[in-house]
Amino acid sequence: MLHQGIILREGQVTKTIYNLIRDKRYEDVIECIVNLGEAANTRAGLSTLAYCYYHAQKYEEASTCYEQLCTLVPKVAKYKFYYAQSLYQAGIFGDALKVLKQIADNDELKEQCLQLQSAILYSSEDFAGAQSVLNQRTIGTADTLNDEGCLLYQADQYDSAVQRFNTALQVGGFNPLIAYNLALSHFRKKEKTQAIDYTADIVERGIRNHPELGIGAQIDTDGSARSVGNPITMALSGITQALNLKAAIEYSENNVEAARDALLDLPPRAESELDPVTLHNIALTDPQGTVAGLRKLAFLLELGPPACPRETFANLLLICCKHEMYETAADILAEHTALTYKYLSQYLYELLDALITAQASAELAEKKLGVLASSLAGKLRSLAAKVQEVRTTTDQNALRNALKDYENALELYLPVVMARAWISWRDDDFVGAEREFRSSAEFCSENPIWRLNAGHVLFMQGDKYKEASAFYEPIIRQHGDDIMSVSAAVLANLCVSYIMTFQNEEAEELMRRVEKAEELKGNMGKQYHHLCIVNLVVGTLYCAKSNYEFGLSRIAHALEGGSGARLYADTWLHVKRCILSLLAGMAKQNVILPNPAIQEVMNFLKSCEVNGLFTPANVYSASEEAPTEPLTIGLEARKLRLLLIKLSEYENE
C-alpha cells in the first residue's frame, strides 16, 4: 500500500508505523492507521492512534480513542488514566475528574492519579482542593515540590515558592518547566536579574537540545521562516514559556522593542498555531498598531478560561483607557461582569471605574480618585513609619520587606496621582494639575515619571519655564552621554524653556549635542528623529511669537526641506498649523513676510507636495476608522501653496 509517499508493504506495516513514530511523524501515522480500515478499531490500532493524537496535541481526538479503548478493554486501568489525561489537556476538567474517580483505588497508578487530579483542580482554580489532594501525595519528590511551589506562588508567597522550586531542581535535576516556574517567581519578587538568568539557561539548553525547533529563525528570515508547528517537545522544553517571560520582563521596563525581539526568537509558527500566552504578548507589542492588538486580546477574551490568560481582561481595559476608548472599556466591563470580580483587583477596578466616569462627570471621578488617593496616602505614611522603625534595628530582612511593601504601595499610588492630574490637564487646568503634583510630592518627588509629568505641567503654564527646566535638566544628566535615550519631547521642551528664559546658548548647546549623537547613531544604522522634533517645536514657538521667517526656516530644516524622509502625518501636523497661522495673519494684514522668505516657504511646500503625494495627512486614533481614500500631505501642501500665492499676489497689488 502506498500512502503519500509512505510504502506500507505487507508484513512490514508495524515496523513502518513504529519507524514513523520514532521520527515523530505523528500526523503521517494517524493518516496511515485511519486508512487501514478495520485495523484502526483494534486495541493495537486505537492505542497507537491515541498515542499519536496525544503527541500531535489533538487531545479531543486522543480522548475519543482512549474512551473506545476503555470500552474495549475495561479492566486496563492505564487506558482510563490516559483518557483522563487527554480530557485534562483538552480542558474538559469535569469529565477528567469523573474518570479518575474510577481508578482511585488502583495502587499502581495512585501517585500519577493524585498528581493529575492536583493539576486539574489547580487549572480549575480550585486551589483549596488542589492543596487537599497534594497532602495525600508522596513527600519530597520533584513533582510534589514543584506543585507545592505552584500553590505557594498562587498564594503570593513567592519566597517560599522559590525555595520549593530550588529544592525540586536539586532533587530531580534540571527540568526546564520547573526552572521556568523559578524564573517566574523571581520576576514576581522583582528580582529580574535572576529571572533573566534562568530564562537564558532554558533557551540555551533548548537551542542545544532541539535544533529542529528553529529558535531565532524568525529574526534571520524576517518572519518568513517555515512553521515548525506545535510539537510536544516544544511544550516540554520550556522555550515558549521562557521567551514569553523574557518579553514580559522587557515590557515591564518599557522596552517594547526588546520585548518584541524576544518574541521573534520563538520557534516560527503561523498565527493560528500560537498558544494563548504568546498571542497575548504579541497583542501587547503588536507593531501593526493598537487596533490589531485589541482584536487579538478580544479574541482571547472570547475563548474564556482556561485558554485565555488571566491578564487579558485587565490589559484589554487598560489599553482601551490608554487610547481614550472609554466607551469601549465601559462596554467590556458591562459584558463581562463575572470576570470583573474574578480578574480585577479592587484597586484596579476603582481606578478604571474613575477613568471611565470622568467622561461623564469629572467631579464624580475626582471624588472617587480622591477617596482612593487618601486611602493609599494613609497606607504610605504608615509604611514609611514602619521603615523608619525597622531602620533602628539590625534586622536586614525586615528592612527589605518593609521597603518592598512601601514600594508596592507607591506603585499603586502613582497612577492615581496621574489620573487626578490628567482630569485637570484634559480641561487645560494646568494650575489644578500642578496642585495635584504638589500634594503628592511628599511620596513621589523622587519618582522619574512623576518628575517628568510635573515638568510638563509647569511647562504648559507658559510662565514657569525656569521651574520646568529644573525638572527636565536632571533627566538629561541622568542619561549622561546617551542623550538619544531621553524622550524627544523632553529635549524639545527644555530647548524652548531655555529660549524663553533667554538662555539661548544653553539651547544651542543642547541642540548640538542632539545633532552629534543622532549622527553617531545614524552611522551605526539606527534612525532617530529627536533633532527633527526639537526643531519642529522650536520653530512652532517662533511662529507662535509671530517670527515666521525664522520659525518656518527651522521647521523646513527639521524636515530636510520636505524631502520625505521625515515627512509623515505627525510632523506634517506642526507644519500646516504654523503655515495656516501665517496665512491667517497675512489675510488680516497683521503679518508681513519678505518676498525671499515667501519664496522659501513656497519651495518647501512644493517639495512636500511632491514627496508627500501618497502619504496620509492625518493621524487617526485607535477608536477612529481611517477613510478608504484619506487626504494626503501632497494634496494639502498644494492647497496651502495656492492660498499663499493668492495672498502674496493680493499684498503685491
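Me: Is N281 buried or exposed?

Reply: This is a predicted model, in which local features need pLDDT of at least 70 and side-chain atom pairs pLDDT 80 or more, while totals for chains, interfaces and linings use all residues. Residues are numbered from 1 along each chain as its sequence is written, and side-chain values use heavy atoms, without hydrogens and water. Buried means under 20% relative accessible area, exposed over 50%, and partly exposed in between, with a 1.4 Å probe and protein chains only. N281 has a relative accessible area of 13%, so it is buried.

Me: With which side chain does that of N281 make a polar contact?

Reply: A polar contact is a pair of N or O atoms within 3.5 Å, one able to donate a hydrogen and the other to accept it; for residues adjacent in sequence, both must be side-chain atoms. The side chain of N281 pairs with that of H280 at 3.0 Å.

Me: Which domains give residues to the lining of the second largest pocket?

Reply: Domain bounds come from an automatic or database domain assignment. Domain 2 (345–461) and domain 3 (552–652) both contribute to this lining, so the pocket lies between them.

Me: What is the make-up of that lining by class?

Reply: Ala, Val, Leu, Ile, Met, Phe, Trp, Tyr, Cys and Pro count as nonpolar, Asp, Glu, Lys and Arg as charged, and the others, Gly among them, as polar. The lining of the second largest pocket has 16 nonpolar, seven polar and three charged residues. Among its 26 residues, F459, V537, T540, H574 and R577 lie nearest the centre.

Methods
On a 1 Å grid over the protein atoms alone, a cavity is a set of points where a 1.4 Å probe fits but cannot get out, and a pocket is an open set with protein on both sides within 12 Å along at least five of seven lines; lining residues have an atom within 4 Å of a point.
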